[in-house]
Amino acid sequence: MSKTLFAAAAASLLLVGAASAQTAPAPAPAPAQDHAHAEHHAHPTIDSPIEALVNDPATKAVLEKHLPGMDKHPAYGQFKGMTLRQVAPYSQGAITDEKIAAIDADLKALPEA
């Protein structure tokens, strides 16, 4: 991935500050699971913070397919708490609605962990 891919995001996030990530709604509580399925857990979704997607090996593979090297970007620490939809306006066209839809489809196709 080009070093400038998220340059606008980094600049914008520096101007906006950490308040952007703090104003994101809290994630919904996980649904209750019955004990027979307690060993299974759901993967992060398209609405999860980028960091959660990167920290799950299966979802990281999906990100790498569509947005290679995102977690290596110099501004990763600034946008990792945001969702892909939140970062998209600052990505200089690298994260489009179509790309988000493709990532979402691939995430939904993953088997349960």
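How many salt bridges does a search of the whole structure find? The search finds six. A salt bridge here is a side-chain nitrogen of Lys or Arg within 4 Å of a carboxyl oxygen of Asp or Glu. The structure is a predicted model, in which local features need pLDDT of at least 70 and side-chain atom pairs count only at pLDDT 80 or more, while totals for chains, interfaces and linings use all residues. Residues are numbered from 1 along each chain as its sequence is written, and side-chain values use heavy atoms, with hydrogens and water left out.

The overall fold comes first. The chain holds seven helices and zero strands. Read from the N terminus, its elements run α-α-α-α-α-α-α. Helices (H or I, at least four residues) and strands (E, at least two) are DSSP runs, numbered from the N terminus. The chain has 113 residues, and 34% of them are buried. Buried means under 20% relative accessible area, exposed means over 50%, and partly exposed lies in between (1.4 Å probe, protein chains only). Of the contacts between residues at least 6 apart in sequence, 67% join residues at least 24 apart.

Glu51 is partly exposed, at 32% relative accessible area. Lys80 is partly exposed too, with a relative accessibility of 28%.

Another salt bridge links Asp71 and Lys60, whose closest N and O atoms are 3.0 Å apart. Asp71 sits in the loop between H4 and H5, and Lys60 in helix H4, so the pair ties together parts that are eleven residues apart in sequence. Asp71 counts as buried, at 16% relative accessibility. Lys60 counts as partly exposed, at 26%. Asp71 also meets Lys72 in a salt bridge, with 3.3 Å from N to O between the side chains. Lys72 is exposed, and its relative accessible area is 63%. Through shared partners, salt bridges join Lys60, Asp71 and Lys72 into one network.

The side chain of Asp71 also makes polar contacts. A polar contact is a pair of N or O atoms within 3.5 Å; within protein, one must be able to donate a hydrogen and the other to accept it, and residues adjacent in sequence count only if both atoms are side-chain atoms. By this rule, the side chain of Asp71 makes a polar contact with that of Lys60 at 3.0 Å. A further polar contact, of 3.3 Å, joins the side chains of Asp71 and Lys72. With neighbours within four places in sequence left aside, Asp71 is in contact with Val54, Lys60, Glu64 and Tyr76.

Asp56 lies in the loop between helix H3 (50-55) and helix H4 (57-66). This residue is buried yet has no salt bridge. The nearest side chain of opposite charge is Lys60, 11 Å away. Lys and Arg count as positive here and Asp and Glu as negative, while His and the chain ends are not counted. The side chain of Asp56 reaches the backbone nitrogen of Thr59 at 3.2 Å.

Aromatic rings were examined next. Rings of Phe, Tyr and Trp (its six-membered ring) pair if their centres lie within 6.5 Å; planes under 30 degrees apart count as stacked, over 60 as edge-to-face and the rest as tilted. The count comes to one aromatic pair. The ring centres of Tyr76 and Phe79 are 5.8 Å apart and their planes stand at 85°, so the pair is edge-to-face. Tyr76 and Phe79 are three residues apart in helix H5 (residues 76-79), which separates them by about one helical turn. Both Tyr76 and Phe79 are buried.

Gln92 is found in the loop between helix H6 (84-87) and helix H7 (97-108). The residue is exposed, with 54% relative accessible area.

Definitions and conventions:
Contact means heavy atoms within 4.5 Å.
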